[in-house]
Amino acid sequence: MEEEEIQKAVAAYLRKKGFTNTELALQEEQNRVSFSSNSDHSVSRLENGPVRYSDGYSKLRLWAYSSLDLYKHELLRVLFPVYIHCFMDLVAGGHVHEARNFFHTFREDHESMHLRDLQKLEGILSPLHLEEIELSRSFRQNKFKIKMCEYSYDLLLQYLQKTQSFTMRGVINEHIDFEVSPGQPTSSSGDADFVTIEGRNNDLVRQINQKEIHWGVLEDSLEQHLERPVSDSEKAESANKELVLISVNSLIQKRPLDGGKQGIPVKMVKKDKLVNMVGKNVRSETSAVSVAPRVKPELTLPTTLVEVEQAILEDLRSRVQLNSLALPSISFYTFVNTCNRLNCSSISQDGSLVAGGFSDSSLKVVWDISKIGQLVKTSSLHGEKESAKNENLPATEEGKKPYTLFHGHSGPVYSATFSPFGEFLLSSSSDSTIRLWSTKLNTNLVCYKGHNYPVWDVQFSPVGHYFASSSHDRTARIWSMERIQPLRIMAGHLSDVDCVQWHANCNYIATGSSDKTVRLWDVQSGECVRIFIGHRSMILSLAMSPDGRYMASGDEDGTIMMWDLSSGRCVSPLVGHSSCVWTLAFSCEGTLLASGSADCTIKLWDVTASTRASRMESKSSSSNRLRLLKALPTKSTPVYTLQFSRRNLLFAAGALSKCS
């Protein structure tokens with residue numbers, strides 16, 4: 001109102017003084033200003049409407065797809081983050097109908113790479129859902145990180161400045177961080193780790209991955225004790241075999257045989273040569289474990305009984321050396337008639353005990369596999385204070401399995417694991433507790449309470465006594481059998497911690513999460529020392545190599561990634577499964593990796609070839625880094641767990657889903 005009064009006073013003064021021309025010029029200027037302000041208001045109303053998101057995204061999409069092929073695959077990486085945040089901004093602004101139309105119009109472009117994320121976001125129908133759904137909350141609280149070359153980044157900036165698309169510029173500035181690298185664009189075949197989501201502080205991630213870690217094996221281990229006597233005995237045995245072969249060959253030369261029989265010793269000699277060649281190959285590949293650096297333990301390790309040490313040494317002496325030419329024998333345990341109630345399974349080191357966790361809160365342990373079909377003793381155990389009920393059940397002609405039934409949890413059992421020597425069993429449940437069971441006393445010993453939500457996974461350390469757990473509360477915890485409270489709490493993941501695995505030297509644990517990252521934690525300090533980024537879906541399984549240098553991770557999409565712990569980089573992606581990778585296991589010498597999946601197959605991978613291929617990657621332009629040795633299909637049985645024994649026999653277990 002003050003401006004209008006001033007304008008009226010100025011017009012009255014000009015009229016009073018007789019400045020007619022000046023008064024007319026002032027009126028024309030006022031009319032021009034009022035018209036431009038009204039047009040600006042109408043334009044701003046259009047820009048603030050929901051149409052600006054669809055128009056801006058469609059123009060950006062058209063420009064990215066019509067760019068040069070050399071830079072197209074890098075520019076297309078920007079589309080998914082922009083698409084997701086345009087959709088969520090429309091929902092947050094209350095334009096739900098326009099958001100649904102936008103979502104379905106451009107959904108096809110991203111289904112091949114981000115189908116699972118789109119299925120989760122499809123349920124957003126109101127602004128409240130943005131806070132309730134964990135994935136959308138993670139997207140809005142964190143930034144996408146996109147890697148591209150410098151020229152592609154300059155092309156994107158030129159487009160945004162030329163088109164004056166303030167909406168797209170705002171979305172990109174607020175929700176995307178670019179990691180620009182000089183030189184040529186990256187290859188389009190390796191896009192796995194170029195579009196990721198992580199915390200706001202990307203510099204902190206780089207600092208974490210620069211920390212020093214000690215990836216070697218424990219010093220003064222049983223394998224180290226066995227090296228000297230085994231080498232001496234092998235030398236003595238090889239010398240005796242050579243003497244026998246010399247005497248046999250001398251006898252053959254003295255006694256000439258018929259023509260048809262003369263071929264026998266030649267075949268034997270060829271076979272011996274083949275065995276010797278395989279043996280040399282095995283020794284060269286297994287030397288990586290023996291030359292791994294020795295590391296002192298940060299935790300106080302438990303003492304091992306003499307009887308247990310003797311049994312382990314006997315297994316180590318009888319170990320079968322595996323490589324790409326000598327694949328392992330596999331013993332598969334199939335659970336039948338589970339009615340889709342089996343959630344997890346575990347196998348002891350020697351394969352004599354098999355455990356299964358069920359949705360009815362029970363834990364069933366199958367005893368002494370070698371005595372299936374004989375008279376068995378079945379017991380039902382209830383909690384810590386309830387008495388055990390035992391009854392003798394004769395085995396049927398069909399071979400009913402002897403088992404012990406453990407009751408104590410009040411919710412579905414999601415994980416079970418045997419101690420390294422088989423005398424204890426750990427189980428975790430949706431009731432947020434972990435229970436320790438004795439396989440000798442057939443009773444529940446301890447109930448560990450500390451997590452606030454369901455516990456997805458629990459794993460014993462390689463030496464026993466300590467164990468680690470992961471939960472829906474986004475934390476992993478380290479426990480000791482003798483304490484009911486956790487020793488360490490590892491917090492930092494943005495979503496559920498779905499799986500956990502110990503390092504070979506017990507100084508680190510690895511955690512896989514639904515936030516699509518794997519983290520490595522220092523057991524002593526509780527700090528995160530590595531963040532591995534590259535998966536496109538939640539991580540379901542982890543495995544550590546025996547020498548402690550490499551780690552394998554499997555995700556929901558069926559992709560396996562091999563990581564170098566020292567550098568924090570992906571050595572080689574292993575692609576071959578068509579569904580979730582539920583379990584991974586390294587052979588004892590670390591030359592083979594076994595993977596079990598929901599696609600009802602076990603696959604054996606050549607670890608040495610995969611790691612060797614990464615070193616030669618700069619010299620070779622081939623993008624095929626698949627090192628699959630063999631695929632073993634089951635009879636409609638998803639593979640729940642894999643376990644290499646100390647003698648390198650591969651045990652596997654799963655539940656029969658349907659008859660083929």
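**A helix and its neighbours**

The buried residues of helix H10 (buried means under 20% relative accessible area, with a 1.4 Å probe and protein chains only) are in contact, that is, have heavy atoms within 4.5 Å, with helix H3 (51–65), helix H4 (69–75), strand S1 (143–149), helix H11 (166–175) and strand S2 (176–181). This is a predicted model, in which local features need pLDDT of at least 70 and side-chain atom pairs count only at pLDDT 80 or more, while totals for chains, interfaces and linings use all residues. Residues are numbered from 1 along each chain as its sequence is written, and side-chain values use heavy atoms, with hydrogens and water left out.

H10 itself covers residues 150–163, and its buried residues are Ser 152, Leu 156, Tyr 159 and Leu 160. Seen down the axis of H10, these residues fall within an arc of 95°, so they line one face of the helix. The face turned away from that buried side carries Gln 158, Gln 161 and Lys 162, which are exposed (over 50% relative accessible area). Just after H10, Gln 164 takes a positive phi of about 55°.

Elsewhere, the axes of helix H5 (residues 79–92) and helix H7 (residues 111–121) come within 12 Å and cross at roughly 5°. H5 and H7 are therefore roughly parallel to each other, a term for angles under 35 degrees. In this pair, Phe 80, Tyr 83, Ile 84 and Phe 87 of H5 meet His 114, Asp 117, Leu 118 and Leu 121 of H7.

Key:
Helices (H or I, at least four residues) and strands (E, at least two) are DSSP runs, numbered from the N terminus. The expected span of a helix is 1.5 Å times one less than its number of residues. The arc is that of the directions from the helix axis to the C-beta atoms. Axes are lines fitted to C-alpha atoms, for helices over the stretch in contact, and angles run from 0 to 180 degrees between N-to-C directions. Angles under 35 degrees count as roughly parallel, over 145 as roughly antiparallel, 65 to 115 as roughly perpendicular and the rest as oblique.
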